[in-house]
Amino acid sequence: MTAMKPDVVPAPDAFDLTCETLIIGAGAGGLVAALAAHEAGQSVLVIEADPVPQGSTALSAGLIPAAGTKAQAVAGIDDEAVLFAADIQTKADNENEQALVDRLANASGPVIDWLTETFGMPFSVVSNFDYPGHSRRRMHGLPTRSGAELIDRLRATCESTGIDIICERRAHRLFLEGDRVSGVAVTRPDGGVETIGCHKLVLACNGFGGNRDLVHQFMPEIENGVWFGHDGNRGEALLWGHEIGADLQHLNAYQGHGNVAHPHGILITWAVIMEGGVQVNCEGRRFWNETKGYSEAARAVLSQPRGEAYAIFDGRIAEIARQFEDFKQAETATAIKVSATLEGLAGELGLPVGPFVETMNTIPEDGPDAFGRTFKSPALKTPYFGVRVTGALFHTQGGLRTGKDARVYRTDSTVFPNLYACGGAACGVSGSGDSGYLSGNGLLSAVVLGKLAGEAPLD
């Protein structure tokens, strides 16, 4: 692994402070772990490198897939974990460890119900469109359908329960005593160093997409895409794990997205595609089956001239998309263009009129098109909407291999007795590339592994 490694050294004679459960990272995974550990009666400390907890969670749509929840029952959706697990494995060509998939699928519903009932988080199901690869409608979100609301609610809940979150402290050194992690060293804003001892360490620092050397090494096909994640995602957990002999899995796996408004840098929900919209390139032509998924859409879009495409939809679809805060922000920023005619929309977007109108008028209403896509939604009609988009890297999906209790494995398949990982620090269930990413996989592993890590007993 050709990247600078954080230090892993023997423990100091004495720590500046100690706690029972120490969590590195205040994203969704870390904060859920903190709530679970606190509920289990453990003293908890969360350290966060940023001035305010945000991370990759705040940049997402904040949607968590879960099966068999009470919110689904209210919405009349019949779902169960076995279906969810099958969907995860189908999308990833069965490249995931089945035990981990089953654990995440089985625990997903109880975690959503726990957050709702114990902490009053008003999750509801996105019930008016389908996400690619999900056989049931199981995406759960808060009212604004934004990751910023999710992280703010989690942070406020932690603070109200008395959990300490110390910001502007970046962990840079891991301390070992035999096979146990005994604590970490963190750097303050003034450059000073503090040491923190712990009985249990949860690595919830978030992926390595902000480490350009590692991105080049493991996923060069996306390195020229827009980096849409958090720059603090430098891969410390991955590098610490490599240094101490932890097992690393699927480092080529990542979540891409091929529908980021360009140059505005605003996520455009994939609902605009799944409800009957299409993507065309700068020549006005479609170029792939858009329903395969938004992660693989990143490479599909980046392969087009100028690395750009245009998402085309209509007023009916725009109304569905307005449940997402990001979409409303894109409209406010005038990234989204509108016209009563296809010819007018071509002019607004700078597309060649003839090829674009021909492309749109030849979308079949029955049966598959030349790319294998079958359109089930109503045909697009005036007013027509369009937005210029590009491909982006959102989040890495490979990382530390964890067991079903979120403990980290060594390369010999034994486990570290008190080291846990969740979220971007842990290997998810998205297979070995980008096409294995099922919508919501990132937050699924964050909140479920976070809950399991937090509630794990101190040994």
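1. Leu 100, Arg 103, Leu 104, Ala 107, Ser 108, Val 111 and Trp 114 of α5 are in contact (heavy atoms within 4.5 Å) with Leu 444, Ser 445, Val 447, Val 448, Leu 449, Lys 451 and Leu 452 of α15. By class, ten of these residues are nonpolar, two polar and two charged.

2. Please keep in mind that this is a predicted model, where local features need pLDDT of at least 70, side-chain atom pairs count only at pLDDT 80 or more, and totals for chains, interfaces and linings use all residues. Residues are numbered from 1 along each chain as its sequence is written, and side-chain values use heavy atoms, with hydrogens and water left out.

3. How are the two helices arranged? Helix α5 (residues 98-119) and helix α15 (residues 441-455) pack at about 80°, their axes 9 Å apart. That makes α5 roughly perpendicular to α15 (the term covers 65 to 115 degrees).

4. Now for Asp 87, which lies in helix α4 (residues 81-91). Is Asp 87 buried or exposed? Its relative accessibility is 12%, so Asp 87 counts as buried (under 20% relative accessible area, with a 1.4 Å probe and protein chains only). The side chains of Asp 87 and Ser 135 are joined by a polar contact of 2.8 Å (a pair of N or O atoms within 3.5 Å, one able to donate a hydrogen and the other to accept it).

Conventions:
Axes are lines fitted to C-alpha atoms, for helices over the stretch in contact, and angles run from 0 to 180 degrees between N-to-C directions. Helices (H or I, at least four residues) and strands (E, at least two) are DSSP runs, numbered from the N terminus. Angles under 35 degrees count as roughly parallel, over 145 as roughly antiparallel, 65 to 115 as roughly perpendicular and the rest as oblique. Ala, Val, Leu, Ile, Met, Phe, Trp, Tyr, Cys and Pro count as nonpolar, Asp, Glu, Lys and Arg as charged, and the others, Gly among them, as polar. Buried means under 20% relative accessible area, exposed over 50%, partly exposed in between (1.4 Å probe, protein chains only).
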